[in-house]
Amino acid sequence: MKALLVDNSGDNPVMVIGEHPDPEPADKELLVKIEATALNRADLLQKTGKYPPPVGESPILGLEMAGVVESVGDGVTKFEKGDPVFGLLGGGGYAEYCTIHEDLAMPMPEAFSFEEAAAIPEVFLTAFQAVIWLAELDEGETILIHAGASGVGTAAIQLAELLRNARIAVTAGSDEKLELCRSLGARLLINYKRQNHSDIIEAELGKNSVNVIIDFVGSPYWHDNLKVMAMDSRLVYLAMLGGATVENMSIVPILRKRLTIKGSTLRNRNTAYKARLTKEFYSNTINLFKNVKLSPVIDSVYDWKDVEKAHSRMENNQNAGKIVLNGM
Ligand SMILES: NC(=O)c1ccc[n+]([C@@H]2O[C@H](COP(=O)([O-])OP(=O)(O)OC[C@H]3O[C@@H](n4cnc5c(N)ncnc54)[C@H](OP(=O)(O)O)[C@@H]3O)[C@@H](O)[C@H]2O)c1
């Protein structure tokens, strides 16, 4: 089959379309003809050799896809040839074909395009896991979502609004991105390039007012995060885009406010965990997607031949929502 492969022959790694052996479905797996995939920050790291795929996963980039079942392994009971599906991959999305365990594949609603479906799995499953499972956001609580216009951020805003009727504050780096967050349900908009988030939150929502924080930025926000957190509040780290080392860190607020601080990565969870997450996510959200109450936010769609342009858009923080690839 054809696949996007990393060419390391020049000064910088670049993606080129090349030949790769066809994947073969194991007992409980589907072989899927991919129609669309979507970018994730992990792809940029993997391309430069900084984020090797977990053992046993495809070496090809790509953590999600939408496509049509081409054939099924002997033990498959839930799908058959011709079914349109979408789902999370441990790797292998930047290719014509991939394999996926049947418990990780979700049936695609008729009204979805492949591009829309491919934009859902990684960011919505990550956001669902972070907001609902890890942070246990409760009805009507206040949540602060950093990088609100990121793919995961746009999913987290919608889930917090629709599943928990939460009061939502966000940070983002431009007024256009904040406006997008507002349209999805965010109520307190903070431009972190001009404003300090703890000042705005204390002025608008009061001291110690945030029950849940979803953070992708890391050390630059540590002190401000702890300042605004309420008693028994929860902070979930999903990335450290701004740095990982915190200076002058004190555990006093962690004890005094009884804080829970968690970190998580989805890609290296085992199949059983991802299957439970996929099942609970699907049953809680599929009708909301069908009624267009929940929607993937698509920043742009590129033919997979133009993947380098797509990567550069993400690298430069220009996207708001998902960048999709099709044409494979
Ligand atoms: N742990 C997990 O399981 C998991 C799963 C999926 C994704 N992730 C991670 O979560 C992060 C978001 O993923 P995504 O696909 O949603 O990303 P994305 O759509 O590419 O958005 C990332 C956004 O973060 C903001 N940003 C970047 N560097 C920043 C900095 N130093 N300070 C403040 N904001 C910064 C930028 O928006 P502004 O213009 O607003 O600055 C950028 O557009 C990535 O790091 C990704 O690797 C983790």
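## Lys47, a buried lysine

A residue counts as buried if 20 or more other C-beta atoms lie within 10 Å of its own, as exposed if 12 or fewer do, and as partly exposed in between, with C-beta atoms placed from the backbone. By that rule Lys47 is buried, because 21 other C-beta atoms lie within 10 Å. Lys47 is found in helix 1; helices (H or I, at least four residues) and strands (E, at least two) are DSSP runs, numbered from the N terminus.

Which residues does Lys47 touch, leaving aside those up to four places away in sequence? They are Val6, Pro13, Met15 and Leu61, where contact means that the C-beta atoms, placed from the backbone, lie within 7 Å. The C-alpha atoms of Lys47 and Asn326 are separated by 19 Å, and the two residues are 279 apart along the chain.

## About the model

Please keep in mind that this is a predicted model: local features need pLDDT of at least 70, side-chain atom pairs count only at pLDDT 80 or more, and totals for chains, interfaces and linings use all residues. Residues are numbered from 1 along each chain as its sequence is written.

The mean pLDDT of the protein is 97, and 100% of its residues reach 70 or more; pLDDT is the predictor's confidence in each residue, from 0 to 100. Among the elements, helix 1 has the lowest mean (96), and strand 11 (residues 210-215) has the highest (99).

## Helix 10 and its two sides

Helix 10 spans residues 307-315, and its buried residues are Val307, Ala310 and Met314. Seen down the helix axis, these fall within an arc of 60°, so they line one face; the arc is that of the directions from the axis to the C-beta atoms. Lys309, Ser312 and Glu315 are exposed on the other side.

The buried residues of helix 10 pack against several elements, including helix 1 (41-47), strand 1 (2-7) and strand 2 (14-19). After helix 10 comes Asn317, with a positive phi near 55°.

Strand 1 and strand 2 form a hairpin with 6 residues between them. Their pairing is antiparallel, over 6 bridges; strands pair if DSSP finds at least two bridges between them. Asp7 stands opposite Val14 in strand 2.

## Two domains

An automatic or database assignment sets the domain bounds: domain 1 is 2-120 + 267-326, and domain 2 is 123-263. The contact takes 14 residues from each of domain 1 and domain 2. Helix 9 (residues 271-290) gives the most to the domain 1 side, with 5 residues.

Notes. Two residues are in contact if their C-beta atoms, placed from the backbone, lie within 7 Å.
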